[in-house]
Amino acid sequence: MTVDDDGVRCMLMRGGTSKGAYFLAGDLPEDPADRDDLLLRLLGSPDPRQIDGIGGAHLLTSKVAVVSRSADPSADLDYVFLQVAVDEPVVSARQNCGNLLAGVGPFAVERGLVEPGDGHTDVRIRLVNTGGTATASFPTPNGRVDYRGGTAISGVPGTAAAVLLGFADTAGSATGRLLPTGNQRDMIDGVEVTCVDNGMPVVVAAARDFGITGYESHEELAADAGLRERVQSLRIRAGKLMGLGDVAGESVPKTTLVAPPRDGGALCTRTFIPVRPHTAIGVLGAVSVVTAALLPDGVAGRHARLPDGDRFDIEHPTGHLEVEVELDLSADPPVALRAANVRTARKLFDGTVYPRERNP
């Protein structure tokens, strides 16, 4: 029987402020080209509504997590993140997703890849896309994942159980260096920027240099075609400087425009993926933005109100995201020591998903 006859075992989960389809690696084709073709047909791409698949018609809800036991003795699981484009036949593995990461540990317990702990489970996860590692901690009372809890995160209604994510080896995730251009500040398209890669390659610039306040709503940003064009021009030029090559059709680097905080946070942000405004900010994107804000000669620090300690409240269009970031600024270049974040996750359905037929 072919995959098209039988369908594919799949769990749809919300991870953080994203939503994606979670698969066991063994349930997908080994060949990456065949795998990507199948995923496009399962999620319904290319189509702006993804009407004939399970994608949610937005980059934040058109995501895939592929999970397997790890052969690396320092990890329990391997996690491959795949960004499935909505209106293009493109599947990208060039980045991580810290939001879907929140669901990897619970999914692995549900699928029997990891033995649950007594009341609580800690899982070591290798981020295959970039080679970094993370530890996920989540409740497993009576040996079962419990998604219920009192933790709220901005951008998600209600509350759920906390998933604590700790990150290591995040510097240079896609570019090989924390500061991919070798500088804390560069001039691109007449705008001062800071290019950082601490888990996610990000170009950080001041919102005011793009003719906006940095406090606009997601809808206002989405309606500004001129702003999208400027963001695309900036990220294409930045991508080359960061060693990423031609990124015109890629989802990285992300672009984050910053402004002084106005709701008690450390920094206000507006992020684009790649030119579509984010309703919030990604976990690892926020780690990179905080890293940029900590650099003494960077752009973001001029607009930040940095707290004492290593916990930072980042403002975004739908609320706040707290991340912990620790750098050694005495080193040249600075060294990323650790990062952490609290997310939540929830199982939405578990069953079989069927791909549409291949186009003739």
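Predicted model: local features only at pLDDT ≥ 70, side-chain atom pairs only at ≥ 80, totals over all residues.

Student: Which kind of peptide bond joins D332 and P333, cis or trans?

Tutor: In general, most peptide bonds are trans. Here omega is about 5°. The bond between D332 and P333 is cis.

Student: Where does P274 sit, and what is omega for the bond from I273 to P274?

Tutor: P274 is found in the loop between β13 (267-272) and α6. The peptide bond leading from I273 to P274 is cis, and its omega is near -20°.

Student: Is L294 buried or exposed?

Tutor: L294 is part of helix α6 (residues 283-294). Buried means under 20% relative accessible area. L294 has 18%, so it counts as buried.

Student: Which residues does L294 touch, leaving out those up to four places away in sequence?

Tutor: Remember that L294 lies in helix α6. With those sequence neighbours set aside, its contacts are L306, F312, V325, L327 and L329.

Student: How many aromatic pairs turn up in the whole structure, and which residues form them?

Tutor: The search finds one aromatic pair.

Student: What is the phi of N142, and is N142 buried or exposed?

Tutor: Most residues other than glycine have a negative phi. N142 isn't a glycine, yet its phi is positive, at about 55°. You'll find N142 in the loop between β7 (132-140) and β8 (162-168). Its relative accessibility is 78%, so N142 counts as exposed.

Student: How does A57 count by its relative accessibility?

Tutor: A57 is in the loop between α2 (32-43) and β3 (63-69), and its phi is positive too, near 65°. Its relative accessibility is 22%, so A57 counts as partly exposed.

Student: Zooming out, what radius of gyration does the protein chain have?

Tutor: The chain is built from six helices and 16 strands. For 360 residues, a compact globule would come out near 21 Å. The chain agrees with that, at 20 Å.

Notes:
Residues numbered from 1 in each chain as written. Heavy atoms only, no water. Helix = DSSP H or I, 4+ residues; strand = E, 2+ residues; numbered from the N terminus. Rg over C-alpha atoms; globule rule 2.2 N^0.38 Å. Phe/Tyr/Trp six-rings, centres within 6.5 Å; stacked < 30°, edge-to-face > 60°. Buried < 20%, exposed > 50% of the residue type's maximum accessible area, 1.4 Å probe, protein only. Contact = heavy atoms within 4.5 Å.
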